[in-house]
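Dear colleague,

Please find below the structure that I am handing over to you. My notes on it follow.

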Amino acid sequence: MAGRIIMHIDFDAFYPSVEERERPEWKGRPVIVGADPRDGKGRGVVASANYIAREFGVRSAMPISRAWKLCPHGIYLRPNLPLYVKVSYDAMSIIRKYSEKFQQLSIDEAFIDVTGKVKDFEEAGDLAEKLKREILTKEQIGSSIGIGPNKLIAKLASDYRKPYGLTIVKPEDSRKFLSPLPVRKLIGIGPKTEAALKEMKIDAVEQLAKVDVKILTEVFGKFGYRMHEMALGIDDSDVSEEGEIKSIGKELTFEEDVDDPQTILQALVDLIEEFHPELSSSGMQFKTVNLKVRYENFETHTRANTLGHYSNDMETIKKVARNLIQPFLDSGRKVRLVGVRVSGLRFGKNQKTLKEL
Ligand code: DCP
Ligand code: MG
Ligand code: MG
């Protein structure tokens, strides 16, 4: 089988870029989207900062009070998710035209498989330049593209040079490209795994690649095997929307089993309020609300209700979940665990009530 050519596209400073296109007079100024800074006393974090604000050290997920100290003269905005979701949808529609093998990963990134569309990596580079230009002209959104023999390399490559970057990694250069990267860049390696690897004196992918896979599986289980593969640049996964995130939700085990309906209902509402921001920020909509109840004797029940339409509305989740849990409350039995999830997810186009974040 001949090798594949995969592209990963990620929009540059996505939320601020959308805001800036509506306000050309902000050109050249630091723009920061996130929580209300309230003159430096605000709580919450930065969602994203444009590249000018980044020169002052402002970064995603930084406390907004710190951003304010670093960049007091910046333009601070609350997120306008419905607008970002719409622009994302329009820009994704452009990307989709370049290949029917398309997979959206988040509100601002997608893969396409262009193996059948170009004859080699050079031609893929030309196609990527054309795609970047089209998104910029039609949507005024800059993007960075990575091209590689698989999704793993393509994604790391798009992150390599930003903003408005293009990085091409041919199969024969994959190992050289991966070697110096910190292990943290690999999918699934978060702060905990990173710390565990550091203990083993492994910082860069190059070192990870040299560790015996047996040792990795002993320490990390099945994921150790995946880590080994990633370190060698191996990723056979297909560009496909199937097998995507199937649900978002949360569950809670009570410290003591509960039969008070108000306590159980409140826990359910809290769970929904906790996971709903994740749904909002992913730009996804759901069709089904799923409930899980476990009684004190571990007997577990699940219930689901599928709406006639897609939604991302928190009140809708609460209403449906309340209806689903009512018979369990009426039973008067002691409950050990409640959980609620939304499933049947897709990336949304028009989102109505999306004020939360
Ligand atoms: N986002 C967020 N909170 C984070 C990270 C991201 O709300 N901790 C949102 C805001 C971003 C969007 O998701 O604009 C896309 O995330 P990216 O990681 O792609 O970051 P940007 O597009 O903002 O910047 P970059 O140019 O680095 O891709
Ligand atoms: Mg981005
Ligand atoms: Mg992104």
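Are phenylalanine 11 and aspartate 108 buried or exposed? Phenylalanine 11 is buried, and aspartate 108 is buried too; buried means under 20% relative accessible area, exposed over 50%, and partly exposed in between (1.4 Å probe, protein chains only).

This is a predicted model, in which local features need pLDDT of at least 70 and side-chain atom pairs count only at pLDDT 80 or more, while totals for chains, interfaces and linings use all residues. Residues are numbered from 1 along each chain as its sequence is written, chains are lettered from A and ligands numbered from 1 in the order in which they are written, and side-chain values use heavy atoms, with hydrogens and water left out.

Donors are N, O and S atoms within 2.8 Å of the metal (3.2 Å for Na, K and Ca); water is not among the atoms, so sites may look incomplete. Phenylalanine 11 belongs to strand 1 (residues 6-11), whereas aspartate 108 sits in the loop between strand 5 (102-106) and strand 6 (109-113), so the pair, 97 residues apart, links distant parts of the chain. Strands are DSSP runs of E with at least two residues, numbered from the N terminus. Aspartate 10 also bridges this ion and the magnesium ion (ligand 3), the two ions lying 3.5 Å apart.

Elsewhere, tyrosine 225 is partly exposed because its relative accessibility is 46%. Its C-alpha is 42 Å from that of leucine 265, which is 40 residues away in sequence.

Yours sincerely

Key: Helix = DSSP H or I, 4+ residues; strand = E, 2+ residues; numbered from the N terminus.
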